[in-house]
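Here are my notes on the model, as promised. Have it open while you read, and tell me where you disagree.

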Amino acid sequence: MLVPGGTTPPGTPPLSGGLPAPPTPPGPRAGRGGRRAASGPAQLPADVADFTGRDEQVKRLSDLLSGTGATGDPGAVRIAVVAGSGGLGKTSLAVHAAHRVRRRFPDGQLYVDLLGATPAPLLPGDVLARFLRDLGVDGRDIPADEDERAARYRTAMARRRMLVVLDNARDAAQVRPLLPGSASSAVLVTTRSRMPDLASTKLVDLHVLDDDEALKLFVKVVGEERAAAEPEATAELLDACAGLPLAIRICAARLVTRSGWTIRAMAGRLTDEHRRLDEMRAGDLAVRASFEVSFTSLPPSTDKQGIDPARAFCLLGLWPGPSISSAAAAALFGIPEYSAEDALEVLVDTHLLESVAPARYRFHDLLRVYAAERAVAEEPAPERDAAVARLLEWYLRAADAAATAVLPHRYDIPLEPGGAGPLPGFADAEEALSWYDSERANLVTATRQAAASGRHEVAWRLPAPLFSIFNSRGNWADCIATSRIALESSRQVGNRRGEAWILNTLGDALGQTRQAEGIDCLERSLAIRREIGDRRGEAQAANNLADAYQRLGRTDEALDLYRRALELNRQAGDRFGEGIALGSLGWTLLDLARAEEAIDYLRQAQNAFEEIDYPDGMGYALHILGRCYLVLGRDAEAIDCLQRALASHRATGNRRMQAATLRSIGTAQSRAGLTAEARVSWTQAAVIFEELGDSAEAEEVRAEQGESGIS
C-alpha cells in the first residue's frame with residue numbers, strides 16, 4: 001500500500017513526488033533508451049482464496065474490462081467503477097475480477113490504493129510519478145508538473161495493453177489524471193462515491209449479499225459441517241450481519257479461532273444492538289472503523305440554510321423507522337426540504353444512505369446502529385430531543401391531514417395550532433391514501449417512539465384519526481397495535497375524550513376481526529361519551545356498538561342502538577353521522593330479510609351523503625341498495641346500483657369496498673346470466689382481497705364462484 005509523502009526538495013530531480021519506489025520489475029519499456037523488457041508490472045494483490053458469490057457482478061466486470069459485448073466508442077478507454085459503502089467487499093471483488101481478465105492485458109497490471117476514504121488521500125501527481133517509474137521511465141525524465149506527468153503517462157500507455165486498478169478512490173478529480181488515453185488499456189476503480197461526474201464509466205453499484213450468498217460466504221469460512229449443525233443460530237447470526245460481507249467474515253473468523261464457541265454463542269452476542277458493532281471486530285478488521293472512514297470524510301454543507309451531511313447522518317440515527325422521506329427528514333433537521341435533500345443525496349453518493357425511491361431513503365441495518373451511536377456521541381441531549389419532537393409533530397400533523405383528505409366529515413378533536421414544517425398537500429383521497437401506503441410502517445414506528453419517549457399527547461393523537469384509512473386498506477393489525485398504544489397514552493395524560501375516541505376505534509377494529517374484546521371497548525367508549533356529554537361521539541360509539549351486536553346476531557339490540565345513533569346525529573345536525581346510521585339501519589334490515597323496508601333508509605342515506613359530497617358513503621349506500629334489489633329479483637336495478645357504487649369507491653381509493661362491491665356485482669351478473677362478466681368481477685374481487693391480506697374473504701369469493709358453476 002502506498003503512503004503519502006512530502007514534497008521534493010529544491011534542486012532534487014523529481015524522482016517520485018515523495019513516494020518510495022516499490023520493488024517491482026521494470027516495465028515493458030525500460031530506461032532512457034526505450035529497450036523492451038521481458039515483462040511488465042504485475043501489481044495486483046493476491047486474489048481472495050475464499051471469494052464467494054457476486055457471480056453477476058464478477059461477470060459484468062469481466063465483460064466490461066475485456067470489452068466483451070462493448071457498445072461504446074471503440075476508441076475510448078474502458079472504465080469500470082465499483083461503488084459501495086464500507087464493508088461490502090469492493091476491493092475483494094475488484095481484485096478477483098482483475099485476476100480473471102489479467103491475461104487479456106499482456107503488458108501487465110498497475111495497482112494503487114489511493115487512500116481516498118482517509119484524511120490524506122494520495123495526490124494524483126505522486127501516483128503518476130510512481131506509475132511512470134513502473135512503466136520504465138527514468139526518474140530524471142519525470143516532469144515536475146502534474147499535467148505534464150499525466151501527458152507523459154498517457155504517451156507511455158498508448159502502445160500498451162494494460163489493466164489499471166485504482167482502489168479506494170476519493171472522487172473523479174483524483175481519478176481523471178490517472179486514466180490512459182487509448183482503448184488498448186482498461187481501468188477498474190473502486191470507491192465509496194458513485195462519481196457521477198466521471199465521464200465514460202460503467203457503474204457496478206454494490207449492495208449487500210442476498211441470503212444465499214451470505215450463507216455461502218459464512219459456510220466457506222467456518223465450514224459446512226459446523227454451520228449445518230446449528231441452522232437456526234446461523235440464520236440469526238446472518239440476520240444480525242444484514243448481508244454485509246465484512247461483518248460476516250469477522251463473525252466467521254472469530255468462530256474459526258474459537259473452536260469452543262458455538263454459533264449460538266456468537267449469535268447471542270449480537271442480539272444487543274448497542275453492543276453489536278463492538279462484537280464485529282477481529283484483528284485489524286472492524287465494521288465500525290469501516291463506517292467511520294466514510295463518516296469522517298463527509299464534506300461540509302455549502303448551503304447557509306442547510307445542514308452538514310455528517311450532522312444529518314447523526315440525526316437520522318434517531319429515527320428507528322424503516323425509511324424516511326425528504327419531507328420528514330426536513331422536519332427532523334429543522335430546515336427546508338430542498339436543503340435536506342442536498343444533504344441526503346451527499347449521504348447517498350457516499351453510500352452511507354440508500355435511495356429507495358424518489359425523495360425516500362433508508363439505512364443499511366448496521367449503518368443505522370452506527371448512526372445511532374454517532375448521534376449520542378455528537379449531539380447534545382436537548383438537540384436530540386428537539387429533533388425527535390419535530391419529526392413526531394410532523395407525522396402527527398401529516399397523518400391528521402391525510403385522514404381529513406380521506407374523510408373530511410370524520411369525528412375529530414382539533415389539534416392545537418402549531419408548526420412542524422411544510423406538510424404534504426393532498427389534492428384528494430387517493431393522494432392521501434398513496435402517502436399512507438408509503439408511510440404505513442413509519443406511522444406505527446412514530447406512535448411507538450412517541451409513547452416510548454414519554455410524548456403521550458402525540459402517541460394517542462397520531463393514530464386516532466386514521467380509522468377510515470386503516471379500514472380502506474384493511475390494515476386491522478396496524479389499527480389495533482397503534483390503538484392499544486394510544487389508549488395507554490391517553491390515560492397517561494388523563495384525556496377522557498381522547499380515551500373514548502381511541503376505545504371506539506379499537507373496539508371497531510377488534511369487531512372487524514371478530515374479537516369479543518371489541519364489545520367491551522365500545523361499551524366503555526359509549527359510557528365515557530355519555531358521561532362527558534360528547535353527543536356526536538356518543539352517536540358514533542352507539543352506531544359502532546350496534547355494528548358489533550349485529551355481527552353477533554343481537555339484531556334487536558343493534559336496531560335500538562342504530563335508532564338512538566340516528567336520533568343523536570339529527571339532534572346535533574350531523575348529516576355525516578346521520579347517513580352512517582341510516583345506512584347501518586338499511587344493512588341490518590336487509591340482513592333480517594326486510595329488504596323493502598331497508599330501501600327507504602338507504603335512499604335517505606344516499607341523499608345525506610350526496611348533500612355533503614361524500615362519495616365513499618354514497619358508494620356504501622348504493623352497494624346495500626343494490627343488494628336489496630338483488631334479493632327482490634330486480635337484477636337490472638341491482639347491477640346499476642352496484643356499478644355506481646364501484647365507481648364511487650374507485651374514486652376514493654377504498655380498495656376494501658371495491659372488492660366487496662365487485663363480489664356483489666359478480667353475484668348479480670351471474671344471476672342475470674352474464675357469465676363472462678361475472679367471472680371477471682369475482683376474479684378481480686379475489687385478487688384485491690388477497691392483495692389486502694384477507695385470504696379468507698378471497699377464498700369465500702372463489703367458493704361462491706365455484707358454487708355458481710362458472711370456472
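1. Helices here are DSSP runs (H or I, at least four residues), numbered from the N terminus.

2. A word on provenance: this is a predicted model, where local features need pLDDT of at least 70, side-chain atom pairs count only at pLDDT 80 or more, and totals for chains, interfaces and linings use all residues. Residues are numbered from 1 along each chain as its sequence is written, and side-chain values use heavy atoms, leaving out hydrogens and water.

3. Helix 6 itself covers residues 211-222, and its 12 residues reach 16 Å from first C-alpha to last, close to the 16 Å expected at 1.5 Å a residue (the expected span is 1.5 Å times one less than the number of residues).

4. Which residues of helix 6 are buried? They are Glu213, Ala214, Leu217, Phe218 and Val222 (buried means under 20% relative accessible area, exposed over 50%, partly exposed in between; 1.4 Å probe, protein chains only). They span an arc of only 150 degrees around the axis, so they sit on the same side of helix 6; the arc is taken from the directions from the helix axis to the C-beta atoms. Asp212 and Lys216, on the other side of helix 6, are exposed.

5. The buried residues of helix 6 pack against helices 1, 7, 8, 9 and 10, contact meaning heavy atoms within 4.5 Å.

6. On to the aromatics: the structure holds 16 aromatic pairs (Phe, Tyr or Trp rings, six-membered ring for Trp, with centres within 6.5 Å; planes under 30 degrees apart are stacked, over 60 edge-to-face, the rest tilted). Trp394 and Tyr395 form an edge-to-face pair, 5.0 Å centre to centre with 80 degrees between the planes. Trp394 is buried at 1% relative accessible area, and Tyr395 is buried at 0%.

7. Trp460 and Trp501 also pair edge-to-face, at 6.3 Å and 75 degrees. Trp460 lies in helix 19 and Trp501 in helix 22, so the pair ties together parts 41 residues apart in sequence.

Methods. Helices (H or I, at least four residues) and strands (E, at least two) are DSSP runs, numbered from the N terminus.
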